Amino acid sequence: MATRTMNGPIVTPVNSLDDQGDWLNKLESGMFVTKTDWEQLANEKDSIPWLDRSLLGEPLMTGSESIIPGSCLLPGKLVRAIGFVQDIFDTEYFASNATFNIAFTDETPRLAERTPLLIAPIPFATPWFRNVLVDGQEKRQKRHRLFHEGEDGTHASNVHDADMETVGSQVWPVSQLNSDPDTVPFLAKLYYDQYQTDPELFVSKLMLNQIVEIIGVLDDRDDAFVQEPDYDEWGNVQLPPGRHLPRIHVLYYQAHDIDSLLATEQKTIATSESSISALANALHISDTVAFALWMTLLSMAERQALHESSQWAPVRTPQDTTLGCASLNVVLPCVEECAVMASKLFEMFMHIVPTVQCHSITAGTSLDDLLPPMKRNGRLVPTSLQLLKGTTLILNIGALQLQQLSAGQVERLQILRRLAMGHKMIYSFEGNVQIPFEADIRIIVLSTMTSLTVLPCLLQVQVLTMGDIMQCERNDDSVVHSLRNSLAAARSSSKALLPKGILYRNILLPPIVLEQAQGDFVRRRELARLKGEYMPSDNDFHRWLTLTRLQARSRRASAADLSDWKRAVELDNAMMATMME
């Protein structure tokens, strides 16, 4: 089997201006990105400009600076970008000038391959999280000034053409998916076979829906701009031309998830008890409801390593649910109060979680708008249900009446049922192929007693009185920051960011906890049998153990103890008591 031989590093040193113009040629000639190159790019990434509209000659849609930008990016220079893998396309083959360890004639094709990925802005990102993604608003505004002005302070000369289509508008609906309007989608071309890193730091191939940070060369060649937004005579997908969808040839990438991006090093973090109390006070709800909400925000799949692919997959239970994930149904007195609670939760979560979306589902078009991900004509259609790991989803079904649904809407509702209970989302591909994808997200359903069974959840709690929620004042900044930091610290404590990706640490249930849990479960069943009451089932036992794991995570502990089990059972009893009122 023929293998390429390396003639030398492709990038090193990153800060060598004389070397920058040859990077793309070197990459396409088959040269390797060495371990030294990879580390150098990682070390120097803060000096590499972020890719946004301003670097592509378009005015920024946000911010206070009223300047007319020009295309300030020199051809073939490095750019840095972050987004999520929205779609993966068929492998491309191209002619390479790489040398091989066996002789070839001049007529022998020397093919290399690369994988094109569509990287899109993070959907439903809250404003504060958008700033985290680009190192903070202050740095972002400074970056804009640097790249819009020359060394003498004058503005760039190229003026944006107002009649030109917005970059990325043909492939990514910014307003529909509420992403940062200043970031743009792009086509990333990855040369997996040419990334030479330490075997112990093996870099995994990127997966659909992964968040990824990329450094690469923006392709400005003429042949990168000739594709039309249509399909060729063989039916192959054709993406918009380069002026509407930038092409980046990737030299370095780092997989992230939302929690790893928010890992905090602060020494003073609020306790779980104080966070629950603050949430209860902010929303004017009982401690039991606030406790249930807090546990749901900490919901996270327990994972196991797949050695054949170096990926981590969620652990499934015999009940076909995801171990460690908890969805919550908050039951309210009436439809109007469901709407009020949805509004207040969304307002609060906009300040404390990185991505959040809220949908009020009725028998009308709102259910039809929740399209599951599907591949059509070679493209994965952008939809709000292409869910990133760690997303918070609020579903208000208070006004939903099952008897008013059409057959198609009932089928759509079944998709949401699998999402709420199983944390899975079905993706449809061409040829009527359906594949379940993980949906490791935080789901909160708002319902009334009449719509309680429409979307079953693992946890249920009833809000007996709305209190003064209608008169809730603006969230206090100190409370918001405390909740945000406490939540980020608890969720990120189970993960570690490594060069090869995310390392997951599951919450351990020691034998002493399992023995206590088993004994309590048997005693409760015996007592229920004697009284002729409902006997706890294995589903109840699974729910208690899930709450135990979440309670341990709230303490940022790596293993649960007996106090976690006790608090989990107390919370479950309190939630069940509200449902009996």
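Which residue in S18 is the bridge partner of Asn396? I started my look-up there, keeping in mind that the model is predicted.

**Entry 1, the sheet.** I found Leu446 in S18 as the bridge partner of Asn396. The two strands concerned are S15, residues 392–396, and S18, residues 442–447. I noted that they pair in the parallel sense, over 5 bridges. I then looked up the sheet that holds them: an open one of 5 strands, ordered S12-S15-S18-S11-S19, with parallel pairing. At its edges I found strand S12 (356–360) and strand S19 (459–462). Each has a single partner strand, so one side of each is left without a neighbour in the sheet.

I went on from H16 to its contact with another helix. Helix H14 covers residues 511–531 and helix H16 residues 562–579. Their axes come within 9 Å and cross at roughly 35 degrees. I recorded the crossing of H14 and H16 as right-handed. On the H14 side I listed Ile512, Val513, Gln516, Ala517, Asp520 and Arg524 as making the contact. On the H16 side I listed Leu562, Trp565, Val569 and Asn573. Sorted by class, the contact of H14 with H16 has 6 nonpolar, 2 polar and 2 charged residues.

Helix H9 (residues 287–297) packs with helix H15 (residues 538–554) at an angle of about 85 degrees, and their axes are 9 Å apart. Because angles of 65 to 115 degrees count as roughly perpendicular, I put H9 down as roughly perpendicular to H15. From H9, the contact takes in Phe291, Trp294 and Met295. From H15, I noted Leu547, Leu550, Gln551 and Ser554. By class, I have 5 nonpolar and 2 polar residues for the contact of H9 with H15, and no charged ones.

How many salt bridges does the structure hold? I have 21 in my notes. I picked out one of them, in which the side chains of Arg491 and Asp259 meet at 2.8 Å, N to O. I placed Arg491 in helix H13 (residues 477–492) and Asp259 in helix H7 (residues 258–261). The pair therefore ties together parts that are 232 residues apart in sequence.

Definitions and conventions. Residues are numbered from 1 along each chain as its sequence is written. This is a predicted model: local features need pLDDT of at least 70, side-chain atom pairs count only at pLDDT 80 or more; totals for chains, interfaces and linings use all residues. Side-chain values use heavy atoms; hydrogens and water are left out. Axes are lines fitted to C-alpha atoms, for helices over the stretch in contact, and angles run from 0 to 180 degrees between N-to-C directions. Helices (H or I, at least four residues) and strands (E, at least two) are DSSP runs, numbered from the N terminus. A crossing is left-handed if the near helix is turned anticlockwise from the far one by less than a right angle, and right-handed if clockwise. Contact means heavy atoms within 4.5 Å. Ala, Val, Leu, Ile, Met, Phe, Trp, Tyr, Cys and Pro count as nonpolar, Asp, Glu, Lys and Arg as charged, and the others, Gly among them, as polar. Two strands pair if DSSP finds at least two bridges between them. Angles under 35 degrees count as roughly parallel, over 145 as roughly antiparallel, 65 to 115 as roughly perpendicular and the rest as oblique. A salt bridge is a side-chain nitrogen of Lys or Arg within 4 Å of a carboxyl oxygen of Asp or Glu.
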